[in-house]
Amino acid sequence: MFSLSQRSLYVEALDLWIDSMRSQERCFVSHGHSDHARQHRTLITTPNTARICRARFAWDDAVFDERAFNEPWEERGHRLTLFSAGHILGSAQLMIEGELGSFVYTGDFKLRTSLTVEPPEVKRCDVLLMECTYGRPQYVFPPYEEVAAQMIAFAHEALEADAIPVFFAYSLGKAQEAMAILGGAGLPLTVHVAIDTLAHVYAACSVALPPYARYDAENFDTHSVLIWPPGGKALPKPLRNKPVRTAVLTGWSLDRGALFRYGTERGFALSDHADYPALLQYVERAQPRKVLLNHGCRDFVYRLRALGVDAEYMEDHAQLSLF
Ligand SMILES: [Zn+2]
C-alpha cells in the first residue's frame, strides 16, 4: 500500500509526510508540541491544533487543511481519518485505509480521560505505529484521582504555611490540566504568560478553565498557586526571596533522582503519555498484526515480542513497506 521512511515518516502512496521535523509541502501534524509541529506549506491538523499553532507560532503563510475527528476523506484511493489521541487538546491519531489494509499512527497519546482533552479512542488496524515513551514496566502511574488529590493537598499545605506553592508544568497541555485540577478545587491560581496565552486558546476551543490571574510582578497575590513552565525559566525575581514549595508535574517523577534533576521538592506523576500498562492495553485493543515503535523506549520492542506481538523499532529501517 505504501512505505514509510524512518526519521521523516513519509507515506509514498499519498505523497504525505507525518510529523516531519523539516518543512515540507504537505504534512500531517498530530499536535501542537514543538517536537511535533513545524511549519509546512500545508498542514493537515484538527481545528483545535490549528488554533494552537496559530497562537504559538508566527506561521503567517502556512495553510491549514483542518479535519475534524472521525470525518474521513478520500485521497488517491485511500481513506484517511483523524481521531483523538487524548494527549493534549486537539491531538490526533491518523488512520489510513486502503485496499490492502489499515494503518494507524498514534503520535503522542494517553488512554486515561482528562479534564481538558478530548477523550481518546483506539481503532482496530493491521499495522500500528505507536509512541512508547514509558515503555518499561516500572512506569505505572498512580490513578489520576490520587495524583490530583495529592497535588491539591500539597498546595493547601504550602499556603497554610505561608509559602507559595509552585507547580512546574509544560505550557501547553499539562499546565491547563493543572489549572483545571487545582482551580477546580477552589485554589486561587496565577500562571506564566505563555500558559495564559494557551489557556485563552483552550477557552476559545470551549474548554472551561477556572478563574486565574496572569503573573504580574507588580500585582502578585502571594496567597495563590503559581503554575510555571519547567526548565530554563527560573522563578521571577520578586519570588526568589519568598518561601516557596516546588513540585514538578511529569511521569518521569517516578524515576529515582528525578527531583534532584528537576530541582524540586516534590514530583507528581501527572502525564500526558500512556504508561506501560496503557501501552500494552492499546496494542491489545487495536489488535494489529504488526507494531512499529518510535519516540520512546527501545526495550518495549522486546517486551511486545515476548508477548507474541510482531514488533519492530522504526529506526532499524531506512524504509519499510507495510503491505
Ligand atoms: Zn506531545
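Colleague: What is the strand order in the open sheet of six strands?

Modeller: This is a predicted model. In it, the order is S14-S13-S15-S12-S16-S17, with parallel pairing.

Colleague: Which strands stand at the edges?

Modeller: Strand S14 (213-214) and strand S17 (266-268). Each has a single partner strand, so one side of each is left without a neighbour in the sheet.

Colleague: How many bridges join S16 to S17?

Modeller: Three, and the two strands run parallel. S16 covers residues 244-249. Val248 stands opposite Gly267 in S17.

Colleague: Which strands does helix H3 touch?

Modeller: H3, residues 174-184, packs on the sheet and touches S12 (164-168), S13 (189-191), S15 (225-228) and S16. The direction of H3 makes about 165 degrees with that of S15.

Colleague: And what does helix H4 touch?

Modeller: H4, residues 193-204, packs on the sheet against S13, S14 and S15. Its direction makes about 105 degrees with that of S13.

Colleague: Switching to the metal. What are the protein donors of the zinc ion?

Modeller: His31 (NE2), His33 (ND1), His87 (NE2) and Asp108 (OD). They lie 2.2 to 2.4 Å from the zinc ion. Along the chain, the donors follow the spacing H-x1-H-x53-H-x20-D.

Colleague: Where do His33 and His87 sit in the chain?

Modeller: His33 is in the loop between S4 (26-28) and S5 (42-45). His87 is in the loop between S8 (78-84) and S9 (92-98). They are 54 residues apart, so the pair links distant parts of the chain.

Colleague: Are those two buried or exposed?

Modeller: Both His33 and His87 are buried.

Colleague: Why is the zinc arrangement irregular?

Modeller: Because the four donor atoms subtend angles of 92 to 168 degrees around the ion.

Terms used: Residues are numbered from 1 along each chain as its sequence is written. This is a predicted model: local features need pLDDT of at least 70, side-chain atom pairs count only at pLDDT 80 or more; totals for chains, interfaces and linings use all residues. Side-chain values use heavy atoms; hydrogens and water are left out. Two strands pair if DSSP finds at least two bridges between them. Helices (H or I, at least four residues) and strands (E, at least two) are DSSP runs, numbered from the N terminus. Contact means heavy atoms within 4.5 Å. Axes are lines fitted to C-alpha atoms, for helices over the stretch in contact, and angles run from 0 to 180 degrees between N-to-C directions. Donors are N, O and S atoms within 2.8 Å of the metal (3.2 Å for Na, K and Ca); water is not among the atoms, so sites may look incomplete. Four donors count as tetrahedral if all angles lie between 85 and 135 degrees; four count as square planar and six as octahedral if opposite donors are over 155 degrees apart and all others between 65 and 115; anything else is irregular. Buried means under 20% relative accessible area, exposed over 50%, partly exposed in between (1.4 Å probe, protein chains only).
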